[in-house]
Amino acid sequence: MGKAKTDEITPLQRKTLEAICRFVDAKGFPPTVKELSEIFEISPASAHDRINQLVRKGYLKREDGKSRGIAVARRPSEMAASLVSVPVVGMVAAGCPILAEANIIGQVLVESNVVRSGQHFALRAVGDSMVGAGINDGDLIIVRQQPIAEDGDIVVALLNNEATVKRLKIKDELIELVPENPEVRKIQIRPEDDLRVLGKVVAVRHKQGR
């Protein structure tokens, strides 16, 4: 009888699906048609056609009303990601270990290839200062715990005992915490400020229904 039609996938379609899965695993949301066309250096029309093929075969599904209107419906069995439980932290306070039992309010399952090394925690985003980076109010951000970060990293930091999620910008002696929203002002770190990096954001899990 052979395989069912929905299970058939060409090498090109597999390559496309793998790229979409890697994008989702790394960022927590799917690529746009434009981003997919840039990944493969093809036209948006060709990228759109590849997406349609995978939708017809049941590997992707449409999500109407969303700016990133596709989702991975299923992966071929050999591509299935193993899941790891990551603690969700309800609060971040100065002088208190992030993963202290009193701080942990739940768990979230994350693909193992996203949290390959180090300790990780999840934190609920509040506000719209990072919408340009795909982090919306209520989303869960997955964070690798680390005390240092590089220029351009999106970090969770304690600034004068208040937790914030921003993009870290370092130029010579100037350090800034920069939002991804033109309506929110960036924060320039002064010599007297107490800035501590708690970790680097490695993925985002969007609030259900987004």
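## Exercises on a predicted model

Arg-190 and Asp-193 form a salt bridge in which the closest N and O atoms are 2.7 Å apart. The model you are looking at is predicted. Let's start with this pair and then work through three other spots.

**Exercise 1.** Find which residues are joined with Arg-190 into one network of salt bridges.

*Solution.* 
- Step 1: Begin with the bridge from Arg-190 to Asp-193, at 2.7 Å.
- Step 2: Salt bridges that share partners put Arg-190, Glu-192 and Asp-193 in one network.
- Step 3: The side chains of Glu-192 and Arg-190 also meet in a salt bridge, at 3.7 Å from N to O.
- Step 4: Now check accessibility. Asp-193 has 13% relative accessibility, so this residue counts as buried. Arg-190, at 45%, is partly exposed, and Glu-192, at 58%, is exposed.

**Exercise 2.** Work out how helices α2 and α3 are oriented to each other, and which residues make the contact.

*Solution.* 
- Step 1: Helix α2 covers residues 33-40 and helix α3 residues 44-56; they pack at about 105 degrees, with axes 8 Å apart.
- Step 2: Angles of 65 to 115 degrees count as roughly perpendicular, so α2 and α3 are roughly perpendicular to each other.
- Step 3: From α2, the contact uses Val-33, Leu-36, Ser-37 and Phe-40; from α3, it uses Pro-44, Ala-47, His-48, Arg-50 and Ile-51.
- Step 4: Sorted by kind, these residues are six nonpolar, two polar and one charged.

**Exercise 3.** Explore the largest nonpolar core, then look at the contacts of Val-165.

*Solution.* 
- Step 1: This core has 17 residues, and those touching the most other members are Ile-135, Ile-141, Ile-154, Val-156, Val-165 and Val-201.
- Step 2: Strands β5, β6, β7 and β11 each give two or more residues to this core.
- Step 3: Leaving out residues up to four places away in sequence, Val-165 touches Ser-129, Met-130, Ile-141, Ile-154, Val-155, Val-156 and Val-201.
- Step 4: Ser-129 is buried, at 15% relative accessibility.

Conventions. Residues numbered from 1 in each chain as written. Predicted model: local features only at pLDDT ≥ 70, side-chain atom pairs only at ≥ 80, totals over all residues. Heavy atoms only, no water. Axes fitted to C-alpha atoms, helices over the stretch in contact; angles between N-to-C directions. Helix = DSSP H or I, 4+ residues; strand = E, 2+ residues; numbered from the N terminus. Parallel < 35°, antiparallel > 145°, perpendicular 65-115°, else oblique. Contact = heavy atoms within 4.5 Å. Nonpolar A, V, L, I, M, F, W, Y, C, P; charged D, E, K, R; others polar. Core = buried A, V, L, I, M, F, W, Y, C linked by side-chain atoms within 4.5 Å. Buried < 20%, exposed > 50% of the residue type's maximum accessible area, 1.4 Å probe, protein only. Salt bridge = Lys/Arg side-chain N within 4 Å of Asp/Glu carboxyl O.
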